[in-house]
Amino acid sequence: MNQNYSTVAQRSSSVLATNKVLRNTYLLLSLTLLFSGLTAGLSMFLNMPPMTYLISVISGMVIAMFVLPRFAHSTAGIGIVFLITGLLGFGLGPMLTMYASLPNGGNIITLSLGGTG
């Protein structure tokens, strides 16, 4: 009887640990999506030129390939992930500005945001 209780307690703590990891993962994912949206809005507000997309995406990919692996197992890695998603969002600004100028452009952007979220 005592051994069964110990096994159930171990399973319960394992499930709780797994749920905590999943909750934290989805929390960080939603925060990076929100941050990317904020930087895209900033880019639209500043009316950045179309070349911003190319520069931001290349910069984000270079940071993801060469900088992020060095900090993957530290808390600084979270900041670098936010930097990368911020750059990618900032690069989307000119494209979103173009779509916003189309008829029903706001609907297109809202639909894609809702589908992504």
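Colleague: Why is Thr52 called buried?

Modeller: This is a predicted model, so every value here is computed from it. The relative accessible area of Thr52 is 9%. Buried means under 20%. The value 9% falls under that cut-off, so Thr52 is buried.

Colleague: Where is Thr52 found, and what does Thr52 touch?

Modeller: Thr52 is found in helix H2. Leaving out residues up to four places away in sequence, Thr52 touches Phe90, Gly91 and Pro94. A contact here means heavy atoms within 4.5 Å.

Colleague: What makes Ser43 count as buried or exposed?

Modeller: Its relative accessibility is 0%. The cut-off for buried is under 20%. Ser43 therefore counts as buried.

Colleague: Which element holds Ser43, and which residues is Ser43 in contact with?

Modeller: Ser43 lies in helix H1. Setting aside neighbours within four places in sequence, Ser43 is in contact with Met48, Phe90, Gly93 and Pro94. Phe90 and Pro94 are also among the residues that Thr52 touches.

Colleague: Now the loops. How do you know whether Asn47 is buried or exposed?

Modeller: Asn47 has a relative accessible area of 56%. Exposed means over 50%. So Asn47 is exposed. Its place is in the loop between H1 and helix H2 (51-67).

Colleague: What is the phi of Asn47?

Modeller: Phi of Asn47 is near 55°. That is a positive value in a residue other than glycine.

Colleague: And why is Asn104 called exposed?

Modeller: Asn104 has 57% relative accessibility. The cut-off for exposed is over 50%, so Asn104 counts as exposed. Asn104 lies in the loop between H3 and H4. Asn104 is not a glycine, yet its phi is positive, at about 65°.

Colleague: What makes H4 hardly covered?

Modeller: H4 has 12 residues, and the count of buried residues among them is one.

Colleague: Which residues line the largest pocket?

Modeller: The lining is Leu33, Ser36, Gly37, Ala40, Gly41, Met44, Leu92, Leu96, Ile109, Ser112, Leu113 and Thr116. Helix H1 (2-45), helix H3 (76-100) and helix H4 (105-116) each give two or more residues to the lining. H1 gives the most, with six residues. The volume of this pocket is about 310 Å³.

Colleague: How many residues of that lining are nonpolar, polar or charged?

Modeller: Seven are nonpolar, five are polar and none is charged. Gly counts as polar here. Gly37 and Gly41 are both in the lining, so they fall in the polar class.

Colleague: What pattern does the whole chain follow?

Modeller: Along the sequence, the pattern is α-α-α-α. The chain has four helices and zero strands.

Colleague: How many residues does the chain have, and what share of them count as buried?

Modeller: There are 117 residues, and 18% of them count as buried. The accessible surface of the chain comes to about 8,600 Å². Carbon and sulfur atoms account for 72% of that surface.

Colleague: What share of the contacts join residues at least 24 apart?

Modeller: The share is 76%, taken among contacts between residues at least 6 apart in sequence.

Definitions and conventions
Residues are numbered from 1 along each chain as its sequence is written. This is a predicted model: local features need pLDDT of at least 70, side-chain atom pairs count only at pLDDT 80 or more; totals for chains, interfaces and linings use all residues. Side-chain values use heavy atoms; hydrogens and water are left out. Buried means under 20% relative accessible area, exposed over 50%, partly exposed in between (1.4 Å probe, protein chains only). Accessible areas come from the Shrake-Rupley method with a 1.4 Å probe; for residues, only the protein chains shown count as cover. On a 1 Å grid over the protein atoms alone, a cavity is a set of points where a 1.4 Å probe fits but cannot get out, and a pocket is an open set with protein on both sides within 12 Å along at least five of seven lines; lining residues have an atom within 4 Å of a point. Grid points are joined across faces, edges and corners, and a volume is the space filled by probe spheres set on the points.
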